[in-house]
Amino acid sequence: MSGLNELYQQVIIDHGRRPRNFAASPQANAVLEGYNPLCGDRLTVYLTEKNGVVEDVTFHGNGCAISMASASLMTEAVKGKTLVEVAALFQGFQQLVTQGGQGVEHLGKLCVFAGVSEYPARVKCATLGWHALLGAIRHEQNPVTSDESDPNN
Ligand code: ZN
């Protein structure tokens, strides 16, 4: 099990250092900034959506390794998914990072964040990109925070 945790950590470090799909996207039809005041993470998500399907997601900004790695893996996980599937994926991901990795095998690579459940302060880092993406899907204009006490979330 510790070997698995080590592998998970390596994936997070790799994506934190070399985030995938890390660019502003001029063709995006929804753009939203996410801000996590507790850590200072600030990411902007660029969504290109067509007929209810995610064609592309990119992101840009600055944040800690967890927020960057999570947004990076998110961009890979949601590409080609329907908006309904994205919402379901986020539900599973939120369960993973708050309750740990039980029955979440369907999340695939996102399972590397199971350890975040042991660090409640990091949950907001891990979900920041997701909150921004879901806000972009709802075509919100104002920056979202990953603070769960915010009624807008
Ligand atoms: Zn953070």
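In this predicted model, a zinc ion is coordinated by Cys39 (SG), Asp41 (OD), Asp41 (OD), Cys64 (SG) and Cys125 (SG), at 2.2 to 2.6 Å. Donors are N, O and S atoms within 2.8 Å of the metal (3.2 Å for Na, K and Ca); water is not among the atoms, so sites may look incomplete. The donor residues of the zinc ion follow the sequence spacing C-x1-D-x22-C-x60-C. Asp41 is buried, at a relative accessible area of 0%. Cys39 is partly exposed, at 36%. Here buried means under 20% relative accessible area, exposed over 50%, and partly exposed in between (1.4 Å probe, protein chains only).

Residues are numbered from 1 along each chain as its sequence is written. Local features need pLDDT of at least 70, side-chain atom pairs count only at pLDDT 80 or more, and totals for chains, interfaces and linings use all residues, while side-chain values use heavy atoms, with hydrogens and water left out.

Side chains of opposite charge can pair when their charged atoms come close. A salt bridge is taken as a side-chain nitrogen of Lys or Arg within 4 Å of a carboxyl oxygen of Asp or Glu. By this rule there are 6 salt bridges. One of them joins Asp14 and Arg20 (2.8 Å, N to O). Asp14 is partly exposed, with a relative accessible area of 26%. Arg20 is also partly exposed, at 23%. Asp14, Arg18 and Arg20 are linked in a network of salt bridges. Arg42 pairs with Glu33 (2.7 Å, N to O). Arg42 is partly exposed at 40%, and Glu33 is partly exposed at 24%. Arg138 and Glu140 form a further salt bridge (2.8 Å, N to O). Arg138 has a relative accessible area of 48% and counts as partly exposed; Glu140, at 24%, is partly exposed too.

The largest nonpolar core holds 45 residues, of which Val78, Phe113, Trp130 and Leu133 touch the most other members. Such a core is a set of buried Ala, Val, Leu, Ile, Met, Phe, Trp, Tyr and Cys residues joined through side-chain atoms within 4.5 Å. At least two residues of this core come from each of α1 (2–17), β1 (30–36), β2 (41–50), β3 (53–62), α2 (65–78), α3 (83–99) and α4 (120–137). Helices (H or I, at least four residues) and strands (E, at least two) are DSSP runs, numbered from the N terminus. α4 gives the most to this core, with 10 residues. Leaving aside neighbours within four places in sequence, Val78 is in contact (heavy atoms within 4.5 Å) with Val54, Val57, Val86, Leu89, Trp130 and Leu133.
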